[in-house]
Amino acid sequence: MACQYFESTENGAKNFTIALPKLTFGRGCLEEAGKRAKARKMTKVAVFTDRILSQLPYLQTLQNSLNEAGIDSAVFSEIQIEPSDRDVLAGANFLKEGKFNGVISLGGGSVMDTAKAAMVYALYPTEFTDYFAPPIGAGRPVPGPVLPHLACPTTSGTGSECTSLSVIRINDLNTKFVMASPFILPDEVLIDPVCCESLPGNVVASSGFDLLCHAIECYTSRAYTTWPHQEDPIKRPLIQGANPWSDLAAAEALKRVGKHLERGVSDPKDHEARDSLCWAASLAGMAFGNSGTHLPHALSYGVTHLMQDITTEGYEVASPFVPHGISVVVNAPSVFQYTSEEAGEAVSGRIIDLMRKTGMPNGLSGVGFSPEDLPDLTKSAIRQKRAIANAPRESNETDIFNIYQNAVSYW
Ligand SMILES: [Fe+2]
């Protein structure tokens with residue numbers, strides 16, 4: 001596969017770009033936050049976190065570290081899981097009122113994505129949908145840099161700490177959209193696996209499937225050389241397709257999640273497995289943040305858009321709620337059967353096996369959908385145009401309907 005990148009293609013992209021934050025990994029590294037923030041000249045920091053995390057000891061660890069470094073801080077914890085435009089605008093107001101010169105996010109994807117978007121709206125306020133892609137938004141680029149951002153993930157899945165993306169639910173439209181801008185890539189990341197120790201098994205499972213899908217989607221996405229060349233480097237989309245870097249990081253993430261997911265789900269004290277999943281999640285973020293995902297993620301938006309009366313054990317969230325990783329993996333085996341016949345069969349067989357062993361729902365029927373919902377799911381998913389086009393095989397509305405149909409139940 002890799003040699004294709006270095007053959008010239010007519011009108012195809014000639015360059016690929018890799019963007020990564022400075023990154024520290026290791027047990028206890030959250031205690032370095034204060035010194036690292038000080039080195040970045042932060043003197044007054046907004047700490048973004050959520051209600052549950054504010055009752056766990058990690059927030060105290062972070063605050064002690066900031067105090068020791070002589071840094072003032074204030075906490076914003078009004079962030080829901082699957083954050084919406086309301087959370088973002090509340091966060092933006094908090095930033096404006098506090099006159100901060102740095103942000104530290106301590107949490108999962110919801111917290112980090114809120115922090116990223118809140119900085120954008122605090123500094124460059126506009127109509128909310130302006131920075132989102134058409135047809136929903138105006139596709140306006142974020143105008144410039146935001147505040148220095150130190151991201152500290154507390155789940156092993158999203159990879160948001162290493163991406164230039166923020167996924168936000170727009171309440172009036174009742175669905176999630178992605179804001180993409182090189183300016184929202186965190187400057188620095190502290191991956192401290194201690195912060196993932198208290199995660200319940202099924203949160204490790206659903207976030208583990210998110211990371212697993214990031215890695216496979218990234219590894220199997222279209223080569224960047226098959227996207228049209230964009231002369232202006234600033235206008236090149238972040239979803240640029242697979243490249244030698246994303247292959248490398250995705251393959252390593254995949255090896256780790258295959259080896260350690262079951263162990264990490266069943267035994268919270270299995271440090272080797274859980275630490276490895278933390279590293280794999282960030283690696284997969286470093287990969288897909290520089291390539292893009294494809295059909296399993298594109299199809300997950302239909303699931304979270306249309307879900308009804310459902311919750312998942314381990315998540316303190318009101319119904320309806322399907323965790324992101326589950327909304328992705330329920331479609332994944334069917335997608336890989338579609339995108340590549342023989343290899344796809346083997347990949348989906350292994351995913352189904354892992355889903356069963358870790359107590360995942362049985363396809364779309366396991367998260368409350370029936371065959372009557374397929375046309376609406378298809379209509380919702382078809383809007384994710386660039387992600388759909390990043391798949392290794394083209395698909396039209398009928399193909400997407402068929403993929404959903406084969407995802408209704410697997411066993
Ligand atoms: Fe994801």
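In the predicted model, helix α8 passes helix α12 in a right-handed crossing. Helix α8 spans residues 295–306 and helix α12 residues 374–381, and the two pack at an angle of about 120° with their axes 8 Å apart; α8 and α12 are therefore oblique to each other. On the side of α8 the contact is made by Ala298, Leu299, Tyr301, Gly302, His305 and Leu306, and on the side of α12 by Asp376, Leu377, Ser380 and Ala381. Divided by class, the residues of this contact of α8 with α12 are six nonpolar, three polar and one charged.

Helix α6 contributes Ser246, Ala249, Ala250, Glu252, Ala253, Arg256, Val257, His260, Leu261, Arg263 and Gly264 to the contact, while α7 contributes Ala273, Arg274, Ser276, Leu277, Trp279, Ala280, Leu283, Ala284, Met286 and Ala287. The contact of α6 with α7 comprises 13 nonpolar, four polar and four charged residues.

For helix α3 (residues 85–98) and helix α4 (residues 109–123), the axes come within 8 Å and cross at roughly 60°, and α3 and α4 are therefore oblique to each other. The crossing of this pair, α3 with α4, is right-handed. Residues Asp87, Val88, Leu89, Gly91, Ala92, Leu95 and Lys96 of α3 meet Thr114, Ala115, Ala117, Ala118, Met119, Tyr121 and Ala122 of α4, and the residues of the contact divide into 10 nonpolar, two polar and two charged.

The model also contains an open sheet of six strands, arranged in the order β1-β8-β5-β4-β2-β3 with parallel pairing. Strands β1 (22–25) and β3 (72–76) stand at the edges, each with a single partner strand, so that one side of each is left without a neighbour in the sheet. From one strand to the next, the twist averages 20°. Strand β2 (residues 44–48) runs parallel to β3 and is joined to β3 by five bridges; at this pairing, Lys44 stands opposite Asp72 in β3.

Helices α2 and α3 are both placed against this sheet. Helix α2 (residues 57–68) lies across β2, β3 and β4 (102–107) and runs at about 155° to β4. Helix α3, which also takes part in the contact with α4, packs on the sheet by touching β2 and β3, and its direction makes about 165° with that of β2.

With regard to the overall division of the protein chain, domain 1 covers residues 22–196 and domain 2 covers residues 201–406, and the C-alpha centres of the two domains lie 23 Å apart. Between them, 22 residues of domain 1 are in contact with 29 residues of domain 2. Within the side of domain 1 that touches domain 2, the largest share, three residues, comes from strand β7 (residues 175–180). By class, the residues on this side of domain 1 divide into nine nonpolar, 11 polar and two charged.

Terms used. Residues are numbered from 1 along each chain as its sequence is written. This is a predicted model: local features need pLDDT of at least 70, side-chain atom pairs count only at pLDDT 80 or more; totals for chains, interfaces and linings use all residues. Domain bounds come from an automatic or database domain assignment. Two residues are in contact if their C-beta atoms, placed from the backbone, lie within 7 Å. Helices (H or I, at least four residues) and strands (E, at least two) are DSSP runs, numbered from the N terminus. Ala, Val, Leu, Ile, Met, Phe, Trp, Tyr, Cys and Pro count as nonpolar, Asp, Glu, Lys and Arg as charged, and the others, Gly among them, as polar. Axes are lines fitted to C-alpha atoms, for helices over the stretch in contact, and angles run from 0 to 180 degrees between N-to-C directions. Angles under 35 degrees count as roughly parallel, over 145 as roughly antiparallel, 65 to 115 as roughly perpendicular and the rest as oblique. A crossing is left-handed if the near helix is turned anticlockwise from the far one by less than a right angle, and right-handed if clockwise. Two strands pair if DSSP finds at least two bridges between them.
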